[in-house]
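Q: I am new to this structure. Could you take me through it, beginning with the terms?

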Amino acid sequence: VQLQASGGGLVQAGGSLRLSCAASGSIFSINSMGWYRQAPGKQRELVARIITGGSTNYADSVKGRFTFSRDNAKNTVYLQMNSLKPEDTAVYYCNADIRRVGTRKSSDYWGQGTEVTVSS
């Protein structure tokens with residue numbers, strides 16, 4: 001199983017970016033998928049997460065600016081980031097709890113990270 005993240009880049013404050021994360025491989029089911037971020041010198045933190053059933057949680061710092069969506073047919077999630085601020089600058093990581101074909105338990109997977117830089 002692999003998670004491939006894309007869509008990061010450099011943007012001015014107030015701008016927008018859309019991140020994508022596609023899961024591939026021998027996937028039986030995906031219980032949850034989410035985005036985390038890690039800024040320089042800081043711990044990794046949750047940005048948004050969607051679980052089976054469609055419930056989505058957002059960090060307070062991104063509520064109203066970021067929108068998380070999921071395309072189940074493509075095993076892909078998106079993070080639409082609007083009104084970006086310099087404090088959103090970080091490496092964004094995709095995370096998923098996936099049960100592989102032929103297994104009974106799910107495991108935690110991480111993508112490679114995509115860098116987002118917001119200039120003031």
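A: Buried means under 20% relative accessible area and exposed over 50%, with partly exposed in between (1.4 Å probe, protein chains only). Strands (E, at least two residues) are DSSP runs numbered from the N terminus, as are helices (H or I, at least four). This is a predicted model, where local features need pLDDT of at least 70, side-chain atom pairs count only at pLDDT 80 or more, and totals for chains, interfaces and linings use all residues. Residues are numbered from 1 along each chain as its sequence is written, and side-chain values use heavy atoms, leaving out hydrogens and water.

Q: Which side chains of strand 1 are buried?
A: In strand 1 (residues 2-6), Leu 3 and Ala 5 point to one face and are buried.

Q: Which strand is joined to strand 1, and by how many bridges?
A: Strand 3 (residues 17-24) runs antiparallel to strand 1, with five bridges between them; strands pair if DSSP finds at least two bridges. Leu 3 stands opposite Ala 23 in strand 3.

Q: What about the largest nonpolar core?
A: That core has 31 residues, and Leu 3, Met 33 and Trp 35 are among those with the most contacts inside it. Such a core is a set of buried Ala, Val, Leu, Ile, Met, Phe, Trp, Tyr and Cys residues joined through side-chain atoms within 4.5 Å. Strand 9 gives the largest share, five residues.

Q: Changing topic, how many helices and strands are there?
A: The protein chain has zero helices and 11 strands.
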